[in-house]
Each structure stands twice: as structure tokens, then as C-alpha cells.
Amino acid sequence: MNLARTSRHLVDRGSAAGPRSPYVIMNILLIDGKNTAYRAAFAARGTFAESQNKYHPFVMWLRLTNMILEKFKPVATHIFWDCPKNDVWRKRVFAEYKDNRDSMPHYADDVQQELGRLIAAAKDILPYMGVRQYEKASQESDDLIYTACELLRQAGQETRVVIVSSDSDFAQLQWSMPHVSVYDPKRNAIIDHPTISPVVLKALSGDRSDNIDGYRGIGPVKGKQLVQDKKKLIEFLDAVGDHKFKRNLALIDMSMNPARLSNMLYVMRVMCSDIQFDKSAINVVAMKHKILGLSTEYPKVALSFKRLV
């Protein structure tokens, strides 16, 4: 399959506005599904105290997502999901990878329940809203988003890829791919372009959110000094050993994914798949998940996705 053809197909299929000026930047949105779903799950949980008629978490997610759609007005939107956490390939590199997640306060049982309801509804309903979804065994959303960004290098200079996530791991894509921006919905802002390699810095200092330990005494300041001075970095690793550094690189650097080729073939296949908008099907599937009046009570929420077909 030709990469340039795939990228053109992706952009052309997403645009419903006809021919565009070559000077207009076209945004393609790549949404980290589970990352953004957590915000909606918290918002849905908050309605418990306010009203007995609480919103379904999927509706909360749609509302938050629509704010982002209005902000960037993308020509195409794509949603990426994580595989089950025990199936992640990184577990085979480091068994304790993300083992700290269940003990974090924001992983409370009620939030997990809302999150489960949201994701189940999203996976069933979004295909009828003209949104392509990506999920692959042993792969996290990060891995598939990285692959999509690689493919979209072929889309041309007028195309900007916007990743929607608060995950700091995506800073490495801004570092290595000039056509990529990362929008953090928590900050409501595009994150700053990194000035040093985020991958090397995290390989030294670790990543507490993913339970990846770094070298003792290496924080942002010392880590930055080592990243900026290759000689000092080599001397440091010679002194303390580079086993942990190499392990962390394998966990953090998305370009080192052993399934990189198969991921590329998978993402290309989904990019070229047919998409549709079917209001009646949305209603049927919404009823299955006990979401009443999705396309009538919440017309702005449900129907705004139509322009993305």
C-alpha cells in the first residue's frame, strides 16, 4: 500500500468543505481515547451530587470533544484506544510497568465504572458518527498514534497533526516531527515544543506515572544538564551502569516498538476503511447503552460529527 496515497485518502475523506487553498493549514485530530475519557468520567461522576438525572459519561465525553472540534475544526478525526493493560507489550520488557495505576486516587472504583460505560458506548456508537477507531492487541494508544503521525508525514506541508492528550510521552513526537502539535485538554493549550530530547530525559529521570524508575538524584535540572552534554552523559552512564537507561529507552521511545511494521500496516488499513454517518443506527445503539435521546436531546453533541465524514 502506497503511503502517499494513504495520507491523501485520509485528508480527502475527512474534508467535506471542498477544495482548499494551499495556504490553509488543515488540522487532523488524533485523540487519545482513554486519556480524554477520564476527564469525562470525572465530570459524569460529579453529576451524582448535583442531580438524580445524571448524564451518561459518553455524553459528557462528546461535549468535551465537541469543544475541541470547534477549536481546531479538523478535516478528519481519529480515536485511539489502549489494549487491556495486562496485554501491553511493555510488560514483557518491565513487569512492573504501570502497576502503580490502580493505587492512584483518580482510579477510584466509581470512576472506573463510569469509564467502562463510556468506552463501551464510544466503541459501539462512534463508527456511526463517521469516526475511525484504532485498537490493536498488545499496543497502547501511544504506539498507534505514533504510527499515524509517521504516515501523515506524507500528507504535505499544509497538514498539521494535533494530538489530543495530557500524556507527557507525546512530547517526543513534537521533538521529532515538526508537523505534530500536542493539545493538552487539562491546560486547554498546545504544549510548548521541547528544547531537549524528552526521551533521553525520561530515560534518566524515569516516569512516576508509568511506574518507570530512573536514576537516583536525577531530576529535571540534572537530567537536562546530562542530555545537553553528551560527554557528561557517557561518563555518568559508565559510572552507574547503562542497563536501566537502555531498559527505559525501550519502554519510552515509541520508535523502538518491536511491532512498528505491523502497526503501520494496521493503521494504514483502518485509515483506508469506509466510514459512514447513520443517525438511525446511532439511536439504536444508544438505546442499547441506555442513553436516551442522544440525537434529539443532544443534537449539537451527536450531529456535529457528521461534517467529519
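Asn188 counts as partly exposed because its relative accessibility is 46% (buried is under 20% relative accessible area, exposed over 50%, partly exposed in between, with a 1.4 Å probe and protein chains only). The model is a predicted one, where local features need pLDDT of at least 70 and side-chain atom pairs count only at pLDDT 80 or more, while totals for chains, interfaces and linings use all residues. Numbering runs from 1 along each chain as its sequence is written, and side-chain values use heavy atoms, with hydrogens and water left out.

Asn188 sits in the loop between β5 (180-184) and β6 (189-190) (strands are DSSP E runs of at least two residues, helices H or I runs of at least four, numbered from the N terminus). Leaving aside residues up to four places away in sequence, Asn188 touches Lys71 and Tyr183 (contact means heavy atoms within 4.5 Å).

As for the inside, the largest nonpolar core has 35 residues, and Phe58, Trp61, Ile125 and Leu294 have the most contacts inside it. Such a core is a set of buried Ala, Val, Leu, Ile, Met, Phe, Trp, Tyr and Cys residues joined through side-chain atoms within 4.5 Å. Its largest share, eight residues, comes from α3. A second, separate core of 30 residues includes Met26, Leu173, Val182 and Tyr266.

Turning to the helices, α7 (residues 198-205) and α8 (residues 220-228) pack with their axes 9 Å apart, at an angle of about 125 degrees (axes are lines fitted to C-alpha atoms over the stretch in contact, and angles run from 0 to 180 degrees between N-to-C directions). Val200, Leu201 and Leu204 of α7 meet Pro220, Gly223, Lys224, Leu226 and Val227 of α8.
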